[in-house]
Amino acid sequence: GGAAGVTLGLTWRRRRWRLPSNGREGGRERGGGGGGEMFLVNYSSSEGDEEEEEPRPGVRVDVGAAAACSEEVKSQRLPIPESVMGMFSQSEEHLDDSSKHDGRIRSFLHQRGNWSTLVYVEYYPEEEFVELIDLLLTHLQAHKLPMTRVTEFHVSLSQTVILRHHWISIFVESLKEKMTFFDRFYCLSDKVKIYTNEERTRTFLGLEVSAGSNYLLELLKEVDKSMEEFNLKTYHKSPSFHISVAWCLGDLTAELEERQHELQDVVDKFENSARILQHYADQVRCKTGNKVFSFSLR
């Protein structure tokens, strides 16, 4: 070496793939013969597993220049954008704006990984059914009790519960197994009744099931078993199976019940009401988040 530089013997390390021959594998004899077999042997890049070659002479490295180069590279590193840093924050704050949901307020806080879940029997309305609901709402509007018609009609078999994302597949399988043994049946929903949610922040106009509730009750018992398996809230002790057809904000139970008999008259006098208010239960559905699972009845 000289004063300007330091001669270093550099050890060159390489990952090598060898084809052992003559029954040898990685420098050792293979037991049991091994005739014509060929194996690729991988030597790890870890410190203890690599072989070292003899230092190669004649390679000179200026240590001072190498250190200066390293410092220059460090100084040229670009800062990480804040948008990227924010992607990995531990918590996420979600502000629920009720103005985007017609004034409705969540009954539980939104959290990542929590899925709102409901089990129900869907009702597929005919055109006359929608006409009947509009007649009921027109009657209420005349008494300054405006309500909004719902967009999807069903008979609930559970309360709305929170299901963790990693439970979904197991919960769905539990329901599927229990629904397999039930036959299809008919229901008749023709009794006007008023309902509120548990928080009494919304009031609903419903049509209670008057025929077929015994079949729904048997389904409900099995749904409750699945809920209990996951420590989730079961349905009401004395269920009133119904189809919600309209809703409004606040607790207007007293005001609507004053008009309940009048609304029932509208239903009873509607042409073919018994036919259009009858629905065929051929499957049970579970909606969790934006996913819907269907379980066909026999």
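The paragraphs below lead from the chain as a whole to some of its helices, strands, ring pairs and turns.

This is a predicted model, in which local features need a pLDDT of at least 70 and side-chain atom pairs count only at pLDDT 80 or more, while totals for chains, interfaces and linings use all residues. Residues are numbered from 1 along each chain as its sequence is written, and side-chain values use heavy atoms, with hydrogens and water left out.

The chain holds eight helices and 16 strands, where helices (H or I, at least four residues) and strands (E, at least two) are DSSP runs numbered from the N terminus. Of its 298 residues, 32% count as buried; buried means under 20% relative accessible area, exposed means over 50%, and partly exposed lies in between, with a 1.4 Å probe and protein chains only. The chain exposes about 19800 Å², and carbon and sulfur atoms supply 50% of that area, as given by the Shrake-Rupley method with a 1.4 Å probe. Among contacts (heavy atoms within 4.5 Å) between residues at least 6 apart in sequence, 77% join residues at least 24 apart.

A single residue can illustrate such contacts. Val 245 is found in strand 13, which covers residues 242-249, and Val 245 is buried, with a relative accessible area of 0%. When its neighbours within four places in sequence are left aside, Val 245 is in contact with Phe 129, Ile 133, Thr 148, Arg 149, Val 150, Phe 153, Leu 205, Gly 206 and Leu 207. Val 245 and Leu 137 are 108 residues apart in sequence, and their C-alpha atoms are 9.6 Å apart in space.

Helix 4 can be followed in some detail. The expected span of a helix is 1.5 Å times one less than its number of residues, and for the twelve residues of helix 4 (residues 168-179) this should be 16 Å, which agrees with the 17 Å between its end C-alpha atoms. Its buried residues are Ile 168, Phe 171, Val 172, Ser 174, Leu 175, Lys 178 and Met 179. Seen down the axis of helix 4, these buried residues fall within an arc of 155 degrees, so they line one face of the helix; the arc is that of the directions from the helix axis to the C-beta atoms. The face turned away from this buried side carries the exposed residues Ile 170 and Glu 177. What covers the buried residues of helix 4 includes strand 7 (114-123), strand 10 (161-164), helix 5, strand 15 and strand 16.

Helix 5, one of these covering elements, has 17 residues (residues 213-229) that should span 24 Å, and its end C-alpha atoms are 24 Å apart, which agrees. The buried residues of helix 5 are Leu 216, Leu 219, Leu 220, Glu 222, Val 223, Asp 224, Ser 226 and Met 227. Just after helix 5, Asn 231 takes a positive phi of about 55 degrees.

Strands 15 and 16 also belong to the cover of helix 4. Strand 15 (residues 283-288) and strand 16 (residues 291-296) run antiparallel and are joined by six bridges, two strands being paired if DSSP finds at least two bridges between them. Val 284 has Phe 295 of strand 16 as its bridge partner. The two strands form a hairpin with two residues between them, and Gly 289 in the turn has a positive phi of about 65 degrees.

Rings of Phe, Tyr and Trp (its six-membered ring) pair if their centres lie within 6.5 Å, with planes under 30 degrees apart counted as stacked, over 60 as edge-to-face and the rest as tilted. By this rule the count comes to seven aromatic pairs. Phe 171 and Phe 230 form an edge-to-face pair, 5.5 Å centre to centre with 75 degrees between the planes. Phe 171 lies in helix 4 and Phe 230 in the loop between helix 5 and strand 13, so the pair ties together parts that are 59 residues apart in sequence. Phe 171 and Phe 230 are both buried. Tyr 235 and Phe 241, by comparison, form a stacked pair, 6.4 Å centre to centre with 15 degrees between the planes, and both are buried. Ring pairs also link Tyr 123, Phe 129 and Phe 153 into a cluster.

Two loop residues complete the tour. Most residues other than glycine have a negative phi. Lys 144, which is not a glycine, has a positive phi of about 60 degrees; Lys 144 is found in the loop between helix 3 (127-142) and strand 8 (148-149) and counts as exposed at 75% relative accessibility. Asn 272 has a positive phi near 60 degrees, is found in the loop between helix 7 (260-269) and helix 8 (273-276), and is partly exposed, with a relative accessible area of 43%.
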